[in-house]
Amino acid sequence: MFERFTKAARAVVKGAVEHAERGGAAVVTEEHLLLALLDREDTRAANALRALCPPDRRPSLLAALAEARRRAGLSRADTEALADLGIDVGAVVARVEEAHGAGALAGDRKDAGWWSGRRSFSREAKAVLEKSLRVALARKDREIGDEHLLLALTATGGVVAEALADHGVTYTAVEDAVSSPAV
């Protein structure tokens, strides 16, 4: 599948690995893919992101991702479902952080080791990469570009898609932005 990736899409994947390494994460996640997309300039995805979520709104997006990470990656839907069962996620997070320190549920273990020189991808990140292929095929595109990665991120659900949608970056909006001649 990676042979179909454009130079820009390959750069996003490499950038995601770098973000994971800098953060000391054991695996590359969807969030790392988004962070790598946000680093890009002058690509279809970068232009779409700039149009839909201008740089002045990015701190809010990053804060939403950090807050979700603090909740152990639970989405709002997950939090609401647990609340329906009588579980207050905010109270659980507060108790855990009281006992183990801020960000204890974030899952970023600095001491995590791996067996090979390659960083593995989380199940969710792999799903985004696979979805990008399906998106490209559905759009009848021959290659998988960084815009397909962005579209896949918005379509797979979860915390990253939720944070993007909260900032106006939905599948439909991205599709319109990358299809317009200006992008």
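Two residues count as being in contact when heavy atoms lie within 4.5 Å. Keep that in mind for the views below, which come from a predicted model.

**View 1. The whole chain, and who touches whom.** Take the contacts in the protein chain with a separation of 6 or more: 66% of them come from residues 24 or more positions apart. The chain has ten helices and two strands.

View 2. The protein chain has 183 residues, and 39% of them count as buried.

**View 3. A close-up of aspartate 42.** Look in the loop between helix H2 (30–39) and helix H3 (44–52), and there you'll find aspartate 42. Its phi is near 55 degrees, a positive value in a residue other than glycine. What makes that worth a look? Most residues other than glycine have a negative phi. Is aspartate 42 buried or exposed? Aspartate 42 has a relative accessible area of 67%, so it counts as exposed, the cut-off being over 50%.

View 4. Now hop to the loop between helix H7 (123–138) and helix H8 (146–155), the place of lysine 140. Lysine 140 isn't a glycine, yet it has a positive phi of about 60 degrees. How exposed is lysine 140? With a relative accessible area of 74%, lysine 140 is exposed.

Definitions and conventions
Residues numbered from 1 in each chain as written. Predicted model: local features only at pLDDT ≥ 70, side-chain atom pairs only at ≥ 80, totals over all residues. Heavy atoms only, no water. Helix = DSSP H or I, 4+ residues; strand = E, 2+ residues; numbered from the N terminus. Buried < 20%, exposed > 50% of the residue type's maximum accessible area, 1.4 Å probe, protein only.
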